[in-house]
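Open the model and keep the sequence beside it.

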Amino acid sequence: MKILITGTAGFIGFHLAKRLLSEGYEIVGLDNINDYYDVRLKYARLKETGIFESEIEYGKLVQSKTFEKYRFVKANLEDRKFLENLFVCEKFDAVVNLAAQAGVRYSIENPHAYIESNIVGFINLLECCRHNAIKHLVYASSSSVYGNSDNVPFSEKDRVDYPISLYAATKKANELMAHTYSHLYHLPATGLRFFTVYGPCGRPDMSPILFANAITEGKPIKVFNHGDLSRDFTYIDDIIEGVVRVIGHIPDENNEIPFYQLFNIGNSQPVALMDFIHTMEEAMGKKAILEMYPMQAGDVKITYADTAELEQAVGYKPATELKAGLGRFAEWYLAANWTN
């Protein structure tokens with residue numbers, strides 16, 4: 001099977017590509033390597049899969065030095081002509097779309113980046129899937145679509161009509177767009193509402209690396225809403241196991257919603273922010289300095305995934321406890337050399 005994975009210089013895309021390559025899949029990775037966060041980490045991820053920065057040019061497929069069945073191309077999903085040509089030439093069987101402009105707070109200051117990548121880029125991808133007989137499109141949605149709902153745990157059956165950030169609004173739009181294409185063109189599509197993912201090679205704009213940096217440098221951790229927050233932290237290996245299972249679980253005309261499905265993918269065990277910080281201190285072997293702040297615009301108080309539907313569909317069951325997961329993260333962080 002040949003799979004296009006978008007966002008393979010990113011956190012989840014990098015880990016997914018490695019897993020599928022280890023199982024013998026043919027993978028084409030795509031990423032625009034934007035500078036939303038330090039590109040040195042993105043290039044370090046690519047290097048680990050045999051793709052070297054010196055060989056990367058926009059629009060050029062680069063052969064991995066490590067994996068015979070892996071090629072990578074730097075490109076934007078907004079580049080419609082390039083994307084159309086790529087699909088025609090490569091004849092993919094499936095697509096996993098993990099590329100997006102990420103970040104809730106960033107969307108408040110940079111709205112156009114989200115429309116261009118998450119809306120324009122996604123419609124281009126849908127059109128390519130439609131016209132090239134793609135057998136399954138799996139795409140990243142987000143727990144942020146639930147907004148400030150007090151109805152926990154969050155269920156796929158809940159209404160999600162009131163996003164509180166533009167990022168969340170674009171993810172809800174992706175779900176609607178994918179459903180429309182499934183309905184009109186019988187395009188098998190599965191959306192995954194990711195909850196807070198952490199682990200080695202994680203994003204430096206998210207709490208694990210932000211907290212680890214602060215602890216290491218003796219600087220204060222910014223604790224929002226005075227610590228009264230909870231997140232459904234999910235270890236990367238558990239997420240990847242779920243995504244791999246979903247790729248093979250293709251919705252057809254007999255699905256509850258024909259050709260379309262939508263799942264939460266998380267740990268289903270929310271962790272209080274202060275407990276997360278204390279576990280991080282233990283993993284790092286050093287106490288943190290805490291600096292309390294009020295709630296930030298666009299943030300939510302709690303995320304909590306009901307994953308019963310994903311468990312029923314593919315047997316998804318996260319197995320990594322927070323202490324073990326943060327231990328592995330800290331081991332990677334303390335040994336990492338991507339900033340050098």
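Leaving aside its neighbours within four places in sequence, which residues is Thr8 in contact with? This is a predicted model. In it, Thr8 touches Gly13, Phe14 and Ala17, then Gly29, Leu30 and Asp31, and also Leu46, Tyr70 and Phe72.

Now place Thr8 along the chain. The residue sits in the loop between strand S1 (2–6) and helix H1 (11–22). One of its contacts is polar: the side chain of Thr8 pairs with the side chain of Tyr70 at 3.3 Å.

The largest nonpolar core holds 69 residues. Within that core, the residues touching the most other members are Ile5, Ile12, Leu16, Leu46 and Phe194. Take Leu16. Not counting residues up to four places away in sequence, Leu16 touches Ile5, Val96, Leu98, Ile240, Val243 and Val244. Another core, of 28 residues, lies apart from the largest one. Its members include Phe87, Val95, Phe122 and Tyr260.

Finally, turn to two helices. H7 spans residues 207–217 and H11 spans residues 322–335. They pack at an angle of about 60°, with axes 11 Å apart. That angle makes H7 oblique to H11. The crossing of H7 past H11 is right-handed. Which residues meet there? H7 contributes Pro208, Ile209, Ala212, Asn213 and Thr216. On the H11 side are Phe329, Trp332 and Tyr333.

Conventions: Residues numbered from 1 in each chain as written. Predicted model: local features only at pLDDT ≥ 70, side-chain atom pairs only at ≥ 80, totals over all residues. Heavy atoms only, no water. Helix = DSSP H or I, 4+ residues; strand = E, 2+ residues; numbered from the N terminus. Polar contact = N/O pair within 3.5 Å; in protein donor to acceptor, adjacent residues only side chain to side chain. Contact = heavy atoms within 4.5 Å. Core = buried A, V, L, I, M, F, W, Y, C linked by side-chain atoms within 4.5 Å. Buried < 20%, exposed > 50% of the residue type's maximum accessible area, 1.4 Å probe, protein only. Axes fitted to C-alpha atoms, helices over the stretch in contact; angles between N-to-C directions. Parallel < 35°, antiparallel > 145°, perpendicular 65-115°, else oblique. Left-handed = near helix turned anticlockwise from the far one by under 90°.
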